Amino acid sequence: PVLQNGDRLSARLGWNSHSWLTAQTIDFFKQTSANRLNYSVVYTTVVNAWPVKIDGFQYTESTYPLLGPGRTPHTPDNVDYRAIVNDPQFDICGKVNRNEIDEVWIYNGPYFGFWESTLAGPGAYWFNSPPVPGPVSCTKMVPIMGPSPERGVAEAIHNFGHRMESTMTQVYGSWQQNSTAHNWNRYALVKALSPSYSYSGCGNIHYPPNGQSDYDYSNTATTATNCSDFENYPTLNDPLVVSRGTSCTSWACDHLQYLAYWFGHLPTNMGCGTDQVANDWWRYFASPSLALAPREACLQQSYLPLIYR
């Protein structure tokens, strides 16, 4: 929103440019997917307004917590997603239904009430948040990301990481540590959370393979991991034979570089495994609706880039 002195809220508070964060995010996925996933921005709308909460409340310049001392955040915090999705100004479902866009990124600020990621439309499932409640007029499922411009590129990509975790949990029907019952459990295995195992897979978004706690991206300790073996997926070797010691030096002990390591090892091969899941997991990331019928992704095999808008 534009403030009384003519400044945008983001400028007053020194937030990052949404266009810069978008460009960095697009470049990240192009690189980590080896040019498999390419986002194209087809619409950009800058809204001069405060988001409406689910109870109808809207902040103003005189009530927003970050613009003055002693201000209390409003409860409930949640934004009214349904109103946004159904707003004719944005025509989100219209654009989705006409195949003009595949997903939506809504840049927002603290206390605006947005999730890191959510899903709207038919069949929407847990996407690191509950689905957007209906009714909405989208005839297809649409991901809605919620990056925060007061934070950096690593935090924006972090949101997409939880999106991937939710998607693959839907693909396989479950996700738990201390288990290798299926390939998603194997990929995201963390030794520190799995007392029955002497090694990690590629870790998860909060725990790198050698992590001992949440966000432990700079841990210099060494832990055995078979993450590199996922380049051969779905043919995986005995982890006890192929695992190698890994420390944070494998991702420069850096949050964003760890996310590049994690996304960069996602299976991306042709064909379908014996578990009836496509060997190219980027397809589920780009099209979360495929998680409802994982085998359908096996029928769409191609090395052509995945272009999403």
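Glu103 is buried in this predicted model, with a relative accessible area of 6%. Its place is the loop between helix 4 (92–97) and strand 2 (104–105). The side chain of Glu103 is joined to that of Arg163 by a polar contact of 2.9 Å. Apart from neighbours within four places in sequence, Glu103 is in contact with Tyr39, Val142, Pro143, Met145, Phe160, Arg163, Ala286 and Arg309. Leu299 is 196 residues from Glu103 along the chain, and the C-alpha atoms of the two are separated by 22 Å.

Ile205 is found in the loop between helix 6 and strand 5. Because its relative accessibility is 0%, Ile205 counts as buried. Leaving out residues up to four places away in sequence, Ile205 touches His158, Gly161, His162, Glu165, Tyr217, Tyr258, Leu259 and Trp262. From Ile205 to Lys95 the C-alpha to C-alpha distance is 31 Å, and these residues are 110 apart in sequence.

Ser247 belongs to the loop between strand 6 and helix 8. Ser247 is buried as well, at a relative accessible area of 11%. A polar contact of 2.9 Å links the side chains of Ser247 and Thr249. With neighbours within four places in sequence set aside, the residues in contact with Ser247 are Asn210, Asn219, Thr220, Ala221 and Thr222.

The next topic is helix 8. At its start, the backbone nitrogen of Leu256 has a side-chain oxygen of Asp254 within 3.1 Å. The buried residues of helix 8 are His255, Tyr258, Leu259, Tyr261, Trp262 and Phe263. These buried residues are covered by elements including helix 2, helix 5 (153–172), helix 6 (183–187), strand 5 (223–225), strand 6 (244–246) and helix 9 (282–286).

Two packed helices are described by the angle between their axes and the distance between the axes. The table gives both values for two pairs.

| Helix pair | Angle | Distance between axes |
|---|---|---|
| Helix 2 and helix 8 | about 45° | 9 Å |
| Helix 5 and helix 8 | about 30° | 9 Å |

Helix 2 (residues 18–32) and helix 8 (residues 255–264) pack at an angle of about 45°, and the two are therefore oblique to each other. The crossing of helix 2 with helix 8 is right-handed. On the side of helix 2, the contact is made by Phe28, Phe29 and Thr32, and on the side of helix 8 by Leu256, Leu259, Ala260, Phe263 and Gly264.

Helix 5 and helix 8 pack at about 30°, so they are roughly parallel to each other. Helix 5 and helix 8 make a left-handed crossing. Helix 5 contributes Val153, Ala154, Glu155, Ile157, His158, Phe160, Gly161, Met164 and Glu165 to the contact, while helix 8 contributes His255, Leu256, Leu259, Trp262 and Phe263. The contact of helix 5 with helix 8 has 9 nonpolar, 3 polar and 2 charged residues.

Leu259 is one of the buried residues of helix 8, is touched by Ile205, and takes part in the contacts of helix 8 with helix 2 and with helix 5.

Key
Residues are numbered from 1 along each chain as its sequence is written. This is a predicted model: local features need pLDDT of at least 70, side-chain atom pairs count only at pLDDT 80 or more; totals for chains, interfaces and linings use all residues. Side-chain values use heavy atoms; hydrogens and water are left out. Axes are lines fitted to C-alpha atoms, for helices over the stretch in contact, and angles run from 0 to 180 degrees between N-to-C directions. Helices (H or I, at least four residues) and strands (E, at least two) are DSSP runs, numbered from the N terminus. Angles under 35 degrees count as roughly parallel, over 145 as roughly antiparallel, 65 to 115 as roughly perpendicular and the rest as oblique. A crossing is left-handed if the near helix is turned anticlockwise from the far one by less than a right angle, and right-handed if clockwise. Contact means heavy atoms within 4.5 Å. Buried means under 20% relative accessible area, exposed over 50%, partly exposed in between (1.4 Å probe, protein chains only). A polar contact is a pair of N or O atoms within 3.5 Å; within protein, one must be able to donate a hydrogen and the other to accept it, and residues adjacent in sequence count only if both atoms are side-chain atoms. Ala, Val, Leu, Ile, Met, Phe, Trp, Tyr, Cys and Pro count as nonpolar, Asp, Glu, Lys and Arg as charged, and the others, Gly among them, as polar.
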